[in-house]
Amino acid sequence: MKDAFGIPQSLLVLGGSSEIALAVARRLVARRTRTVWLAGRPSPALEAGAEGLRALGAEVRTVPFDALETATHEEVLGKVFAEGDVDMVLLAFGVLGDQRRAEREPASAVHTAQVNYTGAVSAGLVCGAAMQRQGHGSIVVLSSVAGERARRSNFVYGSTKAGLDAFAQGLGDALHGHGVHVMAVRPGFVRTRMTEGLSPAPMAVGPEAVAEAVEEGLRRRAATVWVPARMRWAMAVLRHLPRAVFRRLPV
């Protein structure tokens, strides 16, 4: 079980090779977490992430998991929960996609939507039901500020994150009163492999900054966390700009 400060003893990461997810896992292992399941498609990156956490003293297992294979989610994730209580689930998988390609090839946009939203809804509901049965836990969902208002330059990705963010809020309401805490994390531009080659946006951060914000959010049992925190006020301004003005911005 989590301690009084919200740090989990056990952690299930969905998207186990994510740089942000591994930064969160390292930070939590350094505090108190001792058991970690890294769920993702088998790859050298997944195994390297597991070895890195083992070197910090955690017991780590890798779990074959594919966001697109929604028909397998209940069985795959059910086996993890059958091993014992899971204090925290970190839902961290996702793809950025290619906006220009998505507009030329709708199938590419559908793939982005299926990974970022459909897969997350499936996995989130499975984990939420399991945590409700065990009577405690936290689900941390990596959303994005891109979901706050769709931009011309990445509206397919932004729309999937808008849906994911709304889902996280609704899931939190559904699980309220059952001992399960749901927290949506809204980072801005994060310097990772996924954003390599892109020009960093203002207030860009690294994965460790997201990990620090997640830990602080868990301690406060926050419903929403912005990374960096001042991004909240920047997005409040952008969200309320008249559409004619917003269209002219270089975003």
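A residue is called buried when its relative accessible area is under 20%, exposed when it is over 50%, and partly exposed in between, using a 1.4 Å probe and protein chains only. Met235 has 7% relative accessibility, so it counts as buried. The model you are looking at is predicted, so local features need pLDDT of at least 70, side-chain atom pairs count only at pLDDT 80 or more, and totals for chains, interfaces and linings use all residues. Residues are numbered from 1 along each chain as its sequence is written, and side-chain values use heavy atoms, with hydrogens and water left out.

Met235 lies in helix H8; helices (H or I, at least four residues) and strands (E, at least two) are DSSP runs, numbered from the N terminus. What does Met235 touch, not counting residues up to four places away in sequence? The answer is Val145, Glu148 and Trp226, where contact means heavy atoms within 4.5 Å. Ala109 is another matter: Met235 and Ala109 are 126 residues apart along the chain, and their C-alpha atoms are separated by 25 Å.

## Helix H3 against helix H5

Two packed helices are described by the angle between their axes and the distance between the axes. Here, helix H3 (residues 73-82) and helix H5 (residues 106-134) have axes that come within 10 Å and cross at roughly 35 degrees. The axes are lines fitted to C-alpha atoms, for helices over the stretch in contact, and the angles run from 0 to 180 degrees between N-to-C directions. The crossing of H3 and H5 is right-handed; that term applies if the near helix is turned clockwise from the far one by less than a right angle, and left-handed applies if anticlockwise.

On the H3 side, the contact is made by His73, Glu74, Leu77 and Phe81. H5 contributes Gly119, Ser122, Ala123, Val126, Cys127, Ala130, Met131 and Gln134. By class, this contact has 7 nonpolar, 4 polar and 1 charged residues. In this scheme Ala, Val, Leu, Ile, Met, Phe, Trp, Tyr, Cys and Pro count as nonpolar, Asp, Glu, Lys and Arg as charged, and the others, Gly among them, as polar.

## A closer look at Cys127

Cys127 lies in helix H5. Is Cys127 buried or exposed? Cys127 counts as buried because its relative accessibility is 1%.

Leaving aside neighbours within four places in sequence, Cys127 is in contact with Leu12, Leu14, Leu77, Phe81, Val89 and Ile139. Of these partners, Leu77 and Phe81 belong to the H3 side of the helix contact. Ile139 is 12 residues from Cys127 in sequence and 8.1 Å away in space, C-alpha to C-alpha.

## The cavity

How many cavities of 30 Å³ or more does the count give? It comes to 1. A cavity is a set of points on a 1 Å grid over the protein atoms alone where a 1.4 Å probe fits but cannot get out, and its lining residues have an atom within 4 Å of a point. Grid points are joined across faces, edges and corners, and the volume is the space filled by probe spheres set on the points.

The largest cavity holds about 40 Å³ of space. Its lining is made of Leu96, Gly97, Asp98, Gln99, Ala102, Thr112, Asn154, Val156 and Tyr157. Helix H4 (99-104) and helix H6 (155-175) are the elements that give two or more residues to this lining. The lining residues divide into 4 nonpolar, 4 polar and 1 charged.

## Loop residues to look up

Pro228 sits in the loop between strand E7 (224-227) and helix H8 (231-239). A cis peptide bond joins Val227 to Pro228, with omega about -10 degrees. In the loop between helix H7 (207-220) and E7 you will find Arg221. The phi of Arg221 is near 55 degrees, a positive value in a residue other than glycine, and Arg221 counts as partly exposed because its relative accessibility is 47%.

Thr192 is in the loop between strand E6 (180-187) and H7. With 16% relative accessibility, Thr192 counts as buried. Not counting residues up to four places away in sequence, Thr192 touches Glu19, Ile20 and Pro207.

How values were computed: 1 Å grid on protein atoms, 1.4 Å probe; cavity = no way out; pocket = protein on both sides within 12 Å on 5 of 7 lines; lining within 4 Å.
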